[in-house]
Amino acid sequence: MQLERKLQNTKGLGLAICHEVVRQMNGTMEIDSEEGVGTTVYITIPCHASVIKRKRLAE
């Protein structure tokens, strides 16, 4: 999935918050930026398959 969003003149903690959340989830975050072109942020979060036992609802 690719998400493109153009932001100009923004100030805030967006990337710092993202970095902390990704770090806590044992993920990685890479930033590729080129002046005058834009910035791409790559976020990878490990996902492990698990089995979830569910109760059947009474019919």
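**Labels and their grounds**

Reply: Isoleucine 43 is found in strand β2. This is a predicted model, in which local features need pLDDT of at least 70, side-chain atom pairs count only at pLDDT 80 or more, and totals for chains, interfaces and linings use all residues. Residues are numbered from 1 along each chain as its sequence is written, and side-chain values use heavy atoms, with hydrogens and water left out.

Me: Why is isoleucine 43 called partly exposed?
Reply: Buried means under 20% relative accessible area, exposed means over 50%, and partly exposed is in between (1.4 Å probe, protein chains only). Isoleucine 43 has 42%, so it is partly exposed. In the protein chain, buried residues make up 3% of the 59 residues.

Me: What makes the contact between arginine 23 and glutamate 20 a salt bridge?
Reply: The term asks for a side-chain nitrogen of Lys or Arg within 4 Å of a carboxyl oxygen of Asp or Glu. The closest N and O atoms of arginine 23 and glutamate 20 are 2.6 Å apart, so the pair qualifies. Side chains of opposite charge can pair when their charged atoms come close. Both residues lie in helix α1 (residues 14-24), 3 residues apart, about one turn of the helix. Arginine 23 is partly exposed at 47%, and glutamate 20 is partly exposed at 31%. A search of the whole structure finds 1 salt bridge.

Me: How many disulfides are there, and what would count as one?
Reply: A disulfide is a pair of cysteine sulfur atoms within 2.5 Å, and the search of the whole structure finds 0. Cysteine 18 is partly exposed at 34% relative accessible area. Cysteine 47, at 72%, counts as exposed.

Me: Which residues make the nonpolar surface patch?
Reply: Leu13, Leu15, Ile17, Val21, Met25, Ile31, Val41, Ile43 and Ile45 make a patch of about 800 Å². The elements giving two or more residues to this patch are α1 and β2 (38-44). The largest share, 3 residues, comes from α1.

Me: What is known about asparagine 26?
Reply: Its phi is near 60 degrees, a positive value in a residue other than glycine. Asparagine 26 is found in the loop between α1 and β1. At 64% relative accessibility, asparagine 26 is over the 50% limit and therefore counts as exposed.

Me: What does glutamate 30 touch, and what is a contact?
Reply: Contact means heavy atoms within 4.5 Å. Glutamate 30, in strand β1, touches Thr40, Val41 and Tyr42, not counting residues up to four places away in sequence. Glutamate 30 and tyrosine 42 are 12 residues apart in sequence and 5.0 Å apart in space, C-alpha to C-alpha. With a relative accessible area of 52%, glutamate 30 is exposed.

Me: Where is confidence lowest, and where is it highest?
Reply: pLDDT is the predictor's confidence in each residue, from 0 to 100. Confidence is lowest in α1, at a mean of 90, and highest in strand β1 (residues 28-34), at 92. The protein chain averages 80, and 76% of the residues score at least 70.

Terms used
Helix = DSSP H or I, 4+ residues; strand = E, 2+ residues; numbered from the N terminus. Patch = residues over 30% accessible without salt bridge, like charges linked within 9 Å, V, L, I, M, F, W, Y side chains within 5 Å. Areas by Shrake-Rupley, 256 points an atom, 1.4 Å probe, with all protein chains shown as cover.
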